[in-house]
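User: I'm new to reading protein models. Could you walk me through a few features, step by step?

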Amino acid sequence: MITIELKQDQVGPALAALGELLDDLTPVMQEIGEYLVDSTRQRFVRGESPEGARWAPKSPVTLARYGARRSNRVDIRPLFGPSGALSTQILTEATSDSVSVGSNLIYAAVMQFGAAQGAFGRTSRGGPIPWGPIPARPFLGLSPEDETAITAITAEWLARIDGS
């Protein structure tokens, strides 16, 4: 699990002001979550971390292993495996005081943080799991653009409420 706290000077006061005007901030948090899901999915299209760093390419060994399985399609893009599930299974959950964005896929944390060769033990044949090092390819997190968008979302909510 990864937790990111947003402590931006503009967002905190805006959310506090909304909290005074609304009994329940869940709809605001849902809108922020929906934005962050879309932003995270766009990182897969661009192949970059929230900070804008390009993801490490797949290793030749990984590409060869995917290609050896005839039932698998080979996608050279980082974080796009045979199922393509990681890029599409980004989920959000909102409450009145928080929003979470992530993936429930078992391998999502390994893709986010990376793993050393053999970090998860050995196969029944004695081979390491994973078979080689997996570089971290962060896809979850807040970019500067995300922080600006969250500020804009809260400002829009304040404007709607003040205008009603």
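User: At what angle do helix H2 and helix H6 pack, and how far apart are their axes?

Analyst: Here's the general idea: two packed helices are described by the angle between their axes and the distance between the axes. Keep in mind that this model is predicted. In this case, H2 (residues 26-46) packs with H6 (residues 144-163) at an angle of about 150 degrees, and the axes lie 10 Å apart. Angles over 145 degrees count as roughly antiparallel, so H2 is roughly antiparallel to H6. The crossing of the two helices is right-handed.

User: Which residues in H2 meet H6?

Analyst: On the H2 side they are Pro-27, Val-28, Glu-31, Ile-32, Tyr-35, Leu-36, Ser-39 and Arg-43. Their partners in H6 include Ala-149, Ile-150, Ile-153 and Trp-157. Sorted by class, the contact between H2 and H6 has nine nonpolar, two polar and six charged residues.

User: What about strands: in which sense do E1 and E2 pair, parallel or antiparallel?

Analyst: In general, side chains in a regular strand alternate between the two faces of the sheet. Here, E1 (residues 91-94) and E2 (residues 99-102) pair in the antiparallel sense, over four bridges. A hairpin of four residues joins E1 to E2. For one spot to look at, find Thr-92, which stands opposite Val-101 in E2.

User: Where is confidence lowest, and where is it highest?

Analyst: Confidence is lowest in helix H3 (residues 60-68), with a mean pLDDT of 80, and highest in H2, at 96. For the protein, the mean pLDDT is 88, and 91% of the residues reach 70 or more.

How values were computed:
Residues are numbered from 1 along each chain as its sequence is written. Side-chain values use heavy atoms; hydrogens and water are left out. Axes are lines fitted to C-alpha atoms, for helices over the stretch in contact, and angles run from 0 to 180 degrees between N-to-C directions. Angles under 35 degrees count as roughly parallel, over 145 as roughly antiparallel, 65 to 115 as roughly perpendicular and the rest as oblique. A crossing is left-handed if the near helix is turned anticlockwise from the far one by less than a right angle, and right-handed if clockwise. Contact means heavy atoms within 4.5 Å. Ala, Val, Leu, Ile, Met, Phe, Trp, Tyr, Cys and Pro count as nonpolar, Asp, Glu, Lys and Arg as charged, and the others, Gly among them, as polar. pLDDT is the predictor's confidence in each residue, from 0 to 100. Two strands pair if DSSP finds at least two bridges between them.
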